[in-house]
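Open the model in your viewer and switch to a cartoon view. This tour gives a selection at each stop and says what is there.

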Amino acid sequence: MKIKALSRSTTEYTRETKSDIQKLPRNIDPELHPLERAREYKRALNAAKLERMFAKPFLASLSGHIDGIYSMAKNPWDLESVVTGSGDGELRMWSLSSHET
């Protein structure tokens, strides 16, 4: 008969001072967390869609910022909108289908 036992060192999960960040164990086993596989599939699907979109030949540029763009984020529910932030402190929400803000 095989028995599996968990063993943890108490020094890994106890804080020395109150200002120390406490480590939390993370379980990503799909059998113990049933939604993790669906979440990973959705993330991979969105990443593949973005890779396909950016792999196409250069079609147009998104011009409008005065300074360089330092950050870019996509909308997780709508793949055709992107928000960019530039060095001049301006945020712009772009529609990638019409190339407009």
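In which sense do E2 and strand E3 pair, and over how many bridges? Select residues 91-95, which make up E3, together with E2: the two strands pair in the antiparallel sense over five bridges. Keep in mind that this is a predicted model.

Met93, in E3, is the bridge partner of Val83.

Next, go to the turn. E2 and E3 form a hairpin with four residues between them. Select Gly89 in this turn; its phi is positive, at about 85°.

Now select residues 81-86, the whole of strand E2. Is E2 mostly covered or mostly uncovered? Strand E2 is mostly covered, with five of its six residues buried.

Select Ile69 and look across to E2, where Ser86 stands opposite.

For the last stop, select residues 36-55. This is helix H2, where Phe54 is found. Why does Phe54 count as exposed? Phe54 counts as exposed because its relative accessibility is 53%, and the cut-off for exposed is over 50%.

Key:
Residues are numbered from 1 along each chain as its sequence is written. This is a predicted model: local features need pLDDT of at least 70, side-chain atom pairs count only at pLDDT 80 or more; totals for chains, interfaces and linings use all residues. Side-chain values use heavy atoms; hydrogens and water are left out. Buried means under 20% relative accessible area, exposed over 50%, partly exposed in between (1.4 Å probe, protein chains only). Two strands pair if DSSP finds at least two bridges between them.
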